[in-house]
Amino acid sequence: MTGNVSVPIVIIGAGQAGLSVGFYLRRFELVAGRDFIIFDRGPSTGGAWQHRWQALQLGSAHRVNDLPGMKELGLSFDTADHTVPARDVVRDYYRDYEQHFELNVVRPVTVTSVVPLQSNLVVATSSPVFGDQKTDARMIVNATGTWGAPFVPHYPGASTFEGTQVHTATYVSSDAFEAQRVIVVGGGTSAIGFLLELEGVASELTWVARRPIDFSHTDELAEVTAVAAVMSQDRAARAGKALPSIVSGTGVPVTRRIAAGIDRGLLVARPMFSSIEPTGVRWSDGTFTEADAIVWASGFRPELRHLAPLKLREKAGGVSVTSGASWTDPRIFFAGYGPQASTVGANRAGRIIARQIMARL
């Protein structure tokens, strides 16, 4: 990739959503590099999975659905090795997928802005390999997900804490917390995964969450709540509101490992502390718990900063999206946003968005 170029479609992000859109565009006989370009800022394949922590395995994470057409390669996450790090499995599968379907992802490239210019859009990019460049496009598919926008809620005194603070996005392994007093913040599967990994490594563990943990013990209940959560996300996206937390609508499915953690008293969450002090946290009743580290498993927000020049954000705090298309600017599509955030949702979005793009070409 050299010099400034012009292409009908730019896809930003090569995670599950971006690759899904690319797959369906190839099914319409579009050619990567000529008809569309996929930019990805990651140094390797795998989307956000390449950045996840070493101990995370496929069996302990949310289910990863196969990308469309993956069967052609004889690959499936259902039969993948669950004893190796999930990030390695996803990286290798996505690498083979990109090569097989000739998606020609351009990386590492960070999209810094998308600016309207008459009927076209100018995509500004920065790369340690290709330098700063600009690409003219007729349509943009934003598939950046959320990993690049970690969310840490504000609590008084956080800046005074003398210990270590890490977020899910920067957590590497439990080794960094050996013999430390650790507070884990969050009500989802990442927080639970950290607690299970830190057990026996940290000297003390405290789990806190902003709302009571809703453990889901049956598959039937999990399916009903998952549908309700997706509908909630869809309503928010259509209305241009900030997206609600998925786990707040689905609850936490109880695996055997989680059930064992509950039985031995590890997975019992306290209500949130009221403030943070240099050596620990203060609770609402005035009591104090000393801590060496705080792990924020507090989630992420959609990464949309590069789209700011397009002025898509609504007063309600989000962007208005229906069936993957922006209501504000018909040239902009969102893959993996809101109700499409799951791997199966991203696959469906890829097909729907590709069809809409073909109708506009």
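Reply: Start with burial: a residue is buried under 20% relative accessible area and exposed over 50%. Phenylalanine 101 comes to 7% relative accessibility, so it counts as buried. One caution applies throughout: this is a predicted model.

Me: Why does phenylalanine 23 count as buried?

Reply: Its relative accessibility is 5%. The limit is under 20%, so phenylalanine 23 counts as buried.

Me: What makes phenylalanine 23 and phenylalanine 101 an edge-to-face pair?

Reply: Two rings pair if their centres lie within 6.5 Å, and planes over 60 degrees apart count as edge-to-face. A search of the whole structure gives 16 aromatic pairs. In the pair of phenylalanine 23 and phenylalanine 101, the centres are 5.0 Å apart and the planes stand at 85°, so the label is edge-to-face.

Me: Why is that pair said to tie together separate parts?

Reply: Phenylalanine 23 belongs to helix H1 (residues 16-27), while phenylalanine 101 lies in the loop between helix H2 (86-100) and strand E3 (110-117). The two parts are 78 residues apart in sequence, so the pair ties them together.

Me: What makes phenylalanine 77 and tyrosine 94 an aromatic pair, and which kind is it?

Reply: The centre-to-centre distance is 6.4 Å, and the angle between the planes is 65°. The limits are within 6.5 Å for pairing and over 60 degrees for edge-to-face. Phenylalanine 77 and tyrosine 94 therefore form an edge-to-face pair. Phenylalanine 77 sits in the loop between strand E2 (36-39) and H2, tyrosine 94 in helix H2, 17 residues apart. Both phenylalanine 77 and tyrosine 94 are buried.

Me: How do you know that arginine 270 lies over the face of tryptophan 283?

Reply: The distance from arginine 270 to the ring centre is 3.6 Å. The cut-off is within 6 Å of the ring centre, together with a position within 35 degrees of the ring normal. Arginine 270 lies over the face of tryptophan 283. Arginine 52 has its charged end over the ring of tryptophan 49, 4.4 Å from the centre.

Me: Why are E6 and E11 called edge strands?

Reply: The open sheet has 5 strands in the order E6-E15-E7-E8-E11, with parallel pairing. Strand E6 (164-167) and strand E11 (270-271) each have a single partner strand, so one side of each is left without a neighbour in the sheet.

Me: How do you know that E7 and E8 pair?

Reply: Strands pair if there are at least two bridges between them. Strand E7 (residues 181-185) and strand E8 (residues 204-209) have 5 bridges, in the parallel sense. In one of these contacts across the sheet, arginine 181 has glutamate 204 in E8 as its bridge partner.

Me: What makes E12 and E14 the edges of the other open sheet?

Reply: That sheet has 3 strands, ordered E12-E13-E14, and its pairing is antiparallel. E12 and strand E14 (288-290) each have a single partner strand, so one side of each lacks a neighbour in the sheet. Neighbouring strands here are turned by 25° against each other on average, direction ignored. E12 is joined to strand E13 (residues 280-282) by 3 bridges; at least two are needed for pairing.

Me: Why does serine 275 count as buried?

Reply: Its relative accessibility is 17%. The limit is under 20%, so serine 275 counts as buried. Serine 275 is part of strand E12 (residues 275-277) and stands opposite arginine 282 in E13. Beyond residues up to four places away in sequence, serine 275 touches Pro156, Val281 and Arg282.

Me: Why is helix H3 called largely enclosed?

Reply: Of the 10 residues of helix H3 (residues 189-198), 8 are buried, so the rest of the structure largely encloses it. Among them are Phe194, Leu195 and Leu196. The buried residues of H3 pack against E7, E8, strand E9 (215-216), strand E10 (252-253), helix H6 (256-263) and strand E15 (293-296). Just after H3, glycine 200 takes a positive phi of about 85°.

Me: How much of the protein is buried?

Reply: Buried residues make up 47% of the 361 residues. The protein has 7 helices and 18 strands.

Definitions and conventions. Residues numbered from 1 in each chain as written. Predicted model: local features only at pLDDT ≥ 70, side-chain atom pairs only at ≥ 80, totals over all residues. Heavy atoms only, no water. Helix = DSSP H or I, 4+ residues; strand = E, 2+ residues; numbered from the N terminus. Buried < 20%, exposed > 50% of the residue type's maximum accessible area, 1.4 Å probe, protein only. Contact = heavy atoms within 4.5 Å. Phe/Tyr/Trp six-rings, centres within 6.5 Å; stacked < 30°, edge-to-face > 60°. Axes fitted to C-alpha atoms, helices over the stretch in contact; angles between N-to-C directions.
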